[in-house]
Amino acid sequence: MPAETAPPMTAPLLDVQDLCVSFPSRGRMIPIVEHVSFTLGERDILGLVGESGSGKSVTAMALMGLIDSPGVQITGSALFRGQELVGMPQKQLRRLRGREIAMIFQDPMTAFTPVYTIGWQIDEQIRAHERLSRKQARARTVELLAEMGVPDPARTADRYPHQLSGGLRQRAMIAMALSCNPSLLIADEPTTALDVTVQAQILDLIRSLRSTYGSSVLLITHDMGVVAETCDTTLVLYSGRVAEAGPTEALFAHPGHPYTAALLASIPPLDGPRPHRLPAIAGAPPSPLERPAGCAFAPRCTYVHDTCLPAPPPPLVPTGYDPLAAPQDDATAQVSAAAPSTQPVQFAACVLPAEGTPLPPRLTYSELSAGDEADATGFPPSSFAAGEPH
Ligand SMILES: Nc1ncnc2c1ncn2[C@@H]1O[C@H](COP(=O)(O)OP(=O)(O)OP(=O)(O)O)[C@@H](O)[C@H]1O
């Protein structure tokens, strides 16, 4: 069901400000996600990228109201089309989920029940939100599967989840998520378990959703390559905090945070000779229990200096950056005529020194306030220590 061309919007679809999520542990609250802010425009694809444990899924689950751990504390604001999601009663959230906001996961088996055919499950999802007969719902299911590129959709609908390949199951899950035409699709590592060819097909499919369904996508991934191919805007999370955010093209061309630069350095080059070893970031992120007061990346950072330590630096949000003017694909160009920014983005803090500029003096490990998990022998000679390609 292709979406009609929507009128230009003046407000973002999702406006997240100062989102914090803490879990209780041993008598105190442990901050897992701290002061995360971002906006997602209509038909925009935003990549939430970061290492394992950086808080990507907790951020998404908090937005969806799906964290049911006892004692969890969620503060801040998340306005979805003007409706506050933080603190919204579950009954109201349930109504939004599946109708306006849908989520897909790395493992489609978590979305499907193994004992029913995928067609039956998608039919039921459609019928939960629309007054349709079984026959009408099945016709819609088959149409959706076909739109998701599932071959022989009528027959595939009669199959059980375990009878489909991983790629087909992923397509079926996306079909189920889109069955109610959600405005926002949250995709949590949707391609991690797939081989590269199928991964590319699923990313193509996700990219096409905004033109065919008018959906915006919050794409969670640890893979900068996936972000580069798919997302208009990128938000880099490190240890539960925003390290850097901005239009993908500008952020890749001019990373402002040493962590972003290090992540980019670890992507294998697309052309030219492949290096024997790719740079890897030495050390590990701090445990949420021992997060330093200052920049959490400081113990692993080549450019660390004294101003990084006393308090967290402000997240790198580009000044003057308008998320609604993010570059979009051809189909949405008619909605937003904004041209992609080719200008380097100016960040508020922690800008990598320009080429040729002397680096600030680097501190030794013993001068840092935390970093138990970093190399105890001292700060590594270079935080981009050599590692095996991955
Ligand atoms: N219910 C919970 N109670 C306590 N801690 C939790 C809970 N859920 C997640 N965490 C912690 O929050 C941190 C971030 O987890 P999260 O799943 O968001 O990471 P992630 O960035 O999505 O990583 P991955 O890519 O591995 O999924 C982890 O340290 C995790 O142990």
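I began with the largest nonpolar core of this predicted model, and I noted that of its 82 residues, L46, I104, A175, A177, L185, L218 and L219 touch the most other members.

Next I turned to strand β3, which covers residues 45-49, and asked myself how many of its residues are buried. I found that 5 of its 5 residues are buried, and I recorded the strand as mostly covered. When I checked which way the residues point, I saw I45, G47 and V49 on one side of β3 and L46 and L48 pointing the other way, with all of them buried.

I also looked for the partners of β3. With strand β8, residues 216-221, it pairs in the parallel sense over 5 bridges, and here I45 stands opposite V217. With strand β9, residues 233-238, β3 again pairs in the parallel sense, over 4 bridges, and L48 stands opposite L235.

Last, I went to the ligand and counted 13 residues around it, the closest being F23, S52, K56, S57 and V58. Which helix gives the largest share of this shell? I found that helix α1, residues 56-64, does, with 3 residues.

Terms used. Residues are numbered from 1 along each chain as its sequence is written. This is a predicted model: local features need pLDDT of at least 70, side-chain atom pairs count only at pLDDT 80 or more; totals for chains, interfaces and linings use all residues. A residue is near a molecule or strand if its C-beta atom, placed from the backbone, lies within 6 Å of it. Helices (H or I, at least four residues) and strands (E, at least two) are DSSP runs, numbered from the N terminus. A residue is buried if 20 or more other C-beta atoms lie within 10 Å of its own, exposed if 12 or fewer, and partly exposed in between; C-beta atoms are placed from the backbone. Two strands pair if DSSP finds at least two bridges between them. A nonpolar core is a set of buried Ala, Val, Leu, Ile, Met, Phe, Trp, Tyr and Cys residues joined through C-beta atoms within 7 Å.
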